[in-house]
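Q: I would like to learn how to read the packing around a helix. Could you take me through one, please?

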Amino acid sequence: MEQEVASRIFSALNFLGTFPKVKDDLTPIDLRDGTILLKCFHHISPNHFPLESLASWKTPVTNINDLCELIEEYYKNSLNKTINNTFPLDAEAIAKDGSVFDLLPLIELAILASCACENKALFIKDILKLNDIKIQSDLKILIEDCKERCDTYDINRRNRSDSNINTVADIYSEELLRTQ
């Protein structure tokens with residue numbers, strides 16, 4: 001199980017490395033202060049994630065907490081999803097050592113947001129451009145798991161059909177099948 005999670009995180013880091021202004025050989029340590037993740041989220045939705053939200057003079061823990069607040073607002077306002085208790089985060093652990101297991105919720109939220117935003121077609125194409133089928137498969141699983149947790153938390157919503165997230169895994173699956 002740990003090896004599967006590690007493989008998915010490796011695949012996720014490969015995908016995040018395709019974002020502009022992000023190096024392509026990311027490691028979990030690179031993500032621990034929140035600035036690279038902010039760049040990824042900024043590329044997904046520049047209006048919701050201004051680059052000046054995080055600052056070098058702030059502590060990494062403060063940056064992670066600030067980023068988490070922005071992510072929560074984005075999911076609530078743009079994707080109609082409440083994520084506050086669905087993805088537990090330990091900002092101190094993330095900032096201290098960049099543990100992949102502590103970072104996973106933030107990575108998942110970045111990937112799901114990229115596949116649920118207005119420009120999701122561009123991000124899905126970037127996933128499909130990754131040459132390794134294992135990476136594509138890992139990303140699909142991450143998207144589905146993250147989507148399921150969001151949907152489970154929002155199970156009381158009457159009409160979920162208007163959510164952008166509902167068809168992400170299906171769209172991704174169809175695109176993946178077309179390219180094989």
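Q: Which residues of helix H3 are buried?
A: Buried means under 20% relative accessible area, with exposed over 50% and partly exposed in between, for a 1.4 Å probe and protein chains only. In H3, residues 35–44, the buried ones are Ile 36, Leu 37, Leu 38, Cys 40, Phe 41 and Ile 44. Helices here are DSSP runs (H or I, at least four residues), numbered from the N terminus. This is a predicted model, where local features need pLDDT of at least 70 and side-chain atom pairs count only at pLDDT 80 or more, while totals for chains, interfaces and linings use all residues. Residues are numbered from 1 along each chain as its sequence is written, and side-chain values use heavy atoms, leaving out hydrogens and water.

Q: What covers the buried residues of H3?
A: The cover includes helices H1 (2–16), H2 (28–31), H4 (60–78), H6 (100–114) and H7 (120–129).

Q: At what angle do H3 and H4 pack?
A: Two packed helices are described by the angle between their axes and the distance between the axes. Axes are lines fitted to C-alpha atoms over the stretch in contact, and angles run from 0 to 180 degrees between N-to-C directions. For H3 and H4 the angle is about 20°, with the axes 10 Å apart. That makes H3 roughly parallel to H4, a term for angles under 35 degrees.

Q: Which residues make the contact of H3 with H4?
A: Contact means heavy atoms within 4.5 Å. H3 brings Thr 35, Leu 37, Leu 38, Phe 41 and Ile 44, and H4 brings Asn 63, Leu 67, Leu 70, Ile 71 and Tyr 74.

Q: And at what angle do H3 and H6 pack?
A: Their angle is about 15°, and their axes lie 9 Å apart. H3 is therefore roughly parallel to H6. The contact joins Leu 37, Phe 41 and Ile 44 of H3 to Leu 103, Leu 106, Leu 109, Ala 110, Ala 113 and Ser 114 of H6.

Q: Let us zoom in on one residue. What does Leu 37 touch?
A: Leu 37 is found in helix H3 and counts as buried because its relative accessibility is 0%. Setting aside residues up to four places away in sequence, Leu 37 touches Leu 16, Leu 31, Leu 67, Leu 103, Leu 106 and Ala 110.

Q: How far apart are Leu 37 and Leu 16?
A: They are 21 residues apart in sequence and 8.4 Å apart in space, C-alpha to C-alpha.

Conventions: Helix = DSSP H or I, 4+ residues; strand = E, 2+ residues; numbered from the N terminus. Parallel < 35°, antiparallel > 145°, perpendicular 65-115°, else oblique.
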